[in-house]
Amino acid sequence: MRTFHINYLNNDLKVEQQDEELFTVHLPRFTMRCNCGRTTKAANHWFEENRDNETAETRGIGREIETYLSKNK
């Protein structure tokens with residue numbers, strides 16, 4: 001398991017990468033598990049575990065995770 005930190009809405013969030021597409025994100029008030037799904041056009045969509053839609057929050061967190069991962073391969 002890989003652990004790192006991202007900045008989201010001026011909060012330093014601890015992220016634990018469970019596998020290639022599953023991340024546990026420790027937000028100030030709760031812990032969220034996010035899945036990264038890819039469409040046939042190779043676009044990434046971020047979903048909270050056991051939910052079927054992307055939200056502005058999961059999209060924003062997902063972008064921060066992608067940025068971190070692209071800079072720290």
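This is a predicted model: local features need pLDDT of at least 70, side-chain atom pairs count only at pLDDT 80 or more; totals for chains, interfaces and linings use all residues.
Let me start with a term. Two strands count as paired if DSSP finds at least two bridges between them.

First case. Lys-14 stands opposite His-26 in β3. That contact belongs to the pairing of β2, residues 11-19, with β3, residues 22-26. The two strands are antiparallel, with five bridges between them. They make a hairpin, and two residues sit between the strands. What stands opposite Asp-19 in β3? Leu-22 does.

Now step back to the sheet. Five strands build it, in the order β1-β2-β3-β4-β5. The sheet is open, and the pairing is antiparallel. Which strands are at the edges? β1, residues 2-8, and β5, residues 44-48. Each of these pairs on one side only. From one strand to the next, the twist averages 30°.

Next, β1 and β2. How many bridges join them? Seven, and the two strands run antiparallel. Two examples of partners. Asn-7 has Asp-12 in β2 as its bridge partner. Phe-4 has Val-15 of β2 opposite. The hairpin of β1 and β2 also has two residues between its strands. Look at Leu-9 in that hairpin: its phi is positive, near 50°.

On to the helix. α1 covers residues 56-71. Which strands does α1 lie across? β1, β2, β3, β4 and β5, with β4 being residues 31-38. Relative to β1, the helix runs at about 120°.

That brings Phe-4 back. A search of the whole structure turns up two aromatic pairs. One of them is Phe-4 with Tyr-68, and this pair is stacked.

Last topic, the pocket. The largest one has a volume of about 150 Å³. Where does the largest share of its lining come from? From α1, with four residues. β4, β5 and α1 each supply at least two residues of the lining. Among the lining residues are Gln-17, Glu-20, Phe-23, Cys-36, Arg-38, Asn-44 and Trp-46. Ile-65, Glu-66, Leu-69 and Ser-70 line the pocket too.

Helix α1 lies across the strands β1 to β5. And α1 gives the largest share of the lining of the largest pocket.

Conventions. Residues are numbered from 1 along each chain as its sequence is written. Side-chain values use heavy atoms; hydrogens and water are left out. Axes are lines fitted to C-alpha atoms, for helices over the stretch in contact, and angles run from 0 to 180 degrees between N-to-C directions. Contact means heavy atoms within 4.5 Å. On a 1 Å grid over the protein atoms alone, a cavity is a set of points where a 1.4 Å probe fits but cannot get out, and a pocket is an open set with protein on both sides within 12 Å along at least five of seven lines; lining residues have an atom within 4 Å of a point. Grid points are joined across faces, edges and corners, and a volume is the space filled by probe spheres set on the points. Rings of Phe, Tyr and Trp (its six-membered ring) pair if their centres lie within 6.5 Å; planes under 30 degrees apart count as stacked, over 60 as edge-to-face and the rest as tilted.
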